[in-house]
Structures are given as C-alpha cells and as structure tokens.
Amino acid sequence: SAYVKITEGCNNHCSFCAIPIIRGELRSRSVSKIIEEIKSLLTRGIFEINLIGQDLASYGKGKNESTEVLASFNSETSPLATLLSEISKLTGDFWIRLLYIHPDNFPQDILPVIANDKRILPYFDIPFQSGDDKIIKDMNRKGSAQKYIQLVEKIRSSQQNSFYNDVALRTTFLCGFPGETEENAKNTVEFLKNIQSDWSGCFAYSREDDTVAGEMKKQVSAKKSKSRCDVLTELQTQITQEKLKRHVGKIYKVLIEEIIPTEE
C-alpha cells in the first residue's frame, strides 16, 4: 500500500482549521505526473494506491494552478473525474482508494467512473464535521444537514451496480465547536442516525492559533466536548456492528497488511 499526494494546501478556509495558514492555498499536480508515479509504484509491486490531499474534491481547482496542470483537464468533466478516468486506462490488478473529500465540493461525476471500474474502491471518506445547520454555517461551510444526507443517498444509489454492490462511508465529527448548544449536538446525533456511516471518527474541538473559531466567544468546555464525543462514538459503534453483518457469508479479496502471530 502506498500514498500518492495529488494536491497540497486548501482553499476551503473552514473556521476551525489552520491548514490554509500552514500549507497555503491549494495547488494540484498534473494528471501526467500522478499517472507516472502510480505506474512506478505498480512496477514495484504496490497493490493499493491511496490518493491523498487536504481536499481531493478540489483537485485541479486551485486559484493559481499552473499551465501544465490546467492543460491536464477538459471542460466536460471535473478534474478529479478526469484523473480517475486516466487511472482506469492503466492495466493490471490494483486498488485505488480516495481519501478526504470535502462534502461541499464533491464532484458527482466521479460516481459513474468508480462504479465502472472495480479497482476503484467505493470507499468515501467525507468529513461532515457536524449535522447541525447553524454549526455547519459557523464552520464556514456551504452545505447543510439535508444537503449532506442527499449526497450520501446519491452516492449509495449510484454504486448499486458496482462490483462490491455496496458503499463504505467514513466521516468525522468535531464536537464542542464554539457556540454549540445541546440542541445543536442532538441534531448531529440525529444526522449520524440518518446517514448510517460505516465508521466515523469523533474529535473534541481545540483552538488553533490564528483561526476564526479560535477567537469566537462561547467556547465549549473540554469536559462537555468529550461527553458529546462519547455519545457519537457509542452510537457509531452500534451502527457499525449492525452494518458489518452484511459481510457475513461473503467472500472478498483482501489486502493483508500485517500478520500477527497468536499463541497456540
């Protein structure tokens, strides 16, 4: 397994995040350079390629992309769909996994590309962060709980004819964002019940220097933030236990990353 970075930096400027400050505005690599790196990895026996970046959905959409990068794309499809289509032209047995796709920028034209190539895993890592409209807005995001639910429904329905016949959805939640009330937190709980993600990570908010949220009033206590995290984590555990049952009795190709010897 290997990681291939396709972007650096981020243009989203979520109010809680310091990545644009640390890594700068989004810059993308050209399709040809990414394909060249993937080919090199495959010749070395790498089986799983993980495409990474702060936001894969914004690939090719930086404010100051180079001429070389812009020449990689066409006007008919999103840059990410173009990249995946070019990867699909490669021969051989391998997996492609996409990591970190911002829900506000999700290019839906990648869905048929994924459905048509069993080597591109129907695995979607989408950091929703909250299921409450006020908190989503305060995070400087453009979406809403309902829009995110519709996105999940669209993803799942688009992959029904795929090789794996199901979708793996992972997300993250940020609890205790400044100004988050008990009602806001309950809305996120209801959101998780609705999307039924296969897994989610939950993190307590902590201030980042020079971010908008770091200067916001009504900071939530660490104790309360952790308590809200615990609620989501427990709910996700229950959801995961139920969703894993669909795999019972099925045969899958798997990538063994480590063999752990057991005592006889």
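This is a predicted model: local features need pLDDT of at least 70, side-chain atom pairs count only at pLDDT 80 or more; totals for chains, interfaces and linings use all residues.

Colleague: Let us start with the fold. How many helices and strands does the protein chain have?

Modeller: Helices (H or I, at least four residues) and strands (E, at least two) are DSSP runs, numbered from the N terminus. In the protein chain you will find 9 helices and 8 strands.

Colleague: What does the radius of gyration say about the protein chain?

Modeller: The radius of gyration is taken over C-alpha atoms, and the globule rule is 2.2 Å times the number of residues to the power 0.38. For 264 residues, that rule puts a compact globule near 18 Å; the protein chain has 19 Å, which agrees. Along the principal axes, its C-alpha atoms fill a box of roughly 55 × 55 × 40 Å.

Colleague: What share of the residues count as buried?

Modeller: Buried means under 20% relative accessible area, exposed means over 50%, and partly exposed is in between, with a 1.4 Å probe and protein chains only. Here, 51% of the 264 residues of the protein chain count as buried.

Colleague: Now salt bridges, please. How many does the count come to?

Modeller: Side chains of opposite charge can pair when their charged atoms come close. The rule asks for a side-chain nitrogen of Lys or Arg within 4 Å of a carboxyl oxygen of Asp or Glu. By this rule the count comes to 17 salt bridges. One of them joins Asp230 and Lys226, at 3.1 Å from N to O. Both belong to helix α9, and because they are 4 residues apart there, about one helical turn separates them. Asp230 itself is partly exposed, at 40% relative accessibility. Elsewhere, salt bridges that share partners link Lys5, Glu8 and Arg23 into one network.

Colleague: Which residue forms a salt bridge with Asp138?

Modeller: The partner is Lys134, with the closest N and O atoms 2.7 Å apart. They sit 4 residues apart in helix α6 (residues 133-138), so about one helical turn lies between them. Asp138 is partly exposed at 23% relative accessibility, and Lys134 is partly exposed too, at 46%.

Colleague: How do I read a surface patch?

Modeller: Patches are made of residues with over 30% relative accessible area and no salt bridge; like charges are joined within 9 Å, and nonpolar side chains (Val, Leu, Ile, Met, Phe, Trp, Tyr) within 5 Å. Lys and Arg count as positive and Asp and Glu as negative, while His and the chain ends are not counted. A charge is placed at NZ of Lys, CZ of Arg, CG of Asp or CD of Glu. Accessible areas come from the Shrake-Rupley method with a 1.4 Å probe, and for residues only the protein chains shown count as cover.

Colleague: Which residues gather in the patch of negative charge?

Modeller: They are Glu208, Asp209, Asp210 and Glu215. Asp209 is found in the loop between β8 (199-204) and α9 (222-243), and is exposed with a relative accessible area of 65%. Asp210 is placed in the loop between β8 and α9, is exposed at 67%, and has a positive phi near 70 degrees although it is not a glycine.

Colleague: Where does Lys218 lie?

Modeller: Look in the loop between β8 and α9. Lys218 has a phi near 60 degrees, a positive value in a residue other than glycine, and is exposed at 69% relative accessibility.

Colleague: Which residues form the nonpolar patch on the surface?

Modeller: Tyr252, Val254, Ile256 and Ile259 do, with about 450 Å² of accessible area together. Ile259 lies in the segment after α9 and is exposed, with a relative accessible area of 72%.

Conventions. Residues are numbered from 1 along each chain as its sequence is written. Side-chain values use heavy atoms; hydrogens and water are left out.
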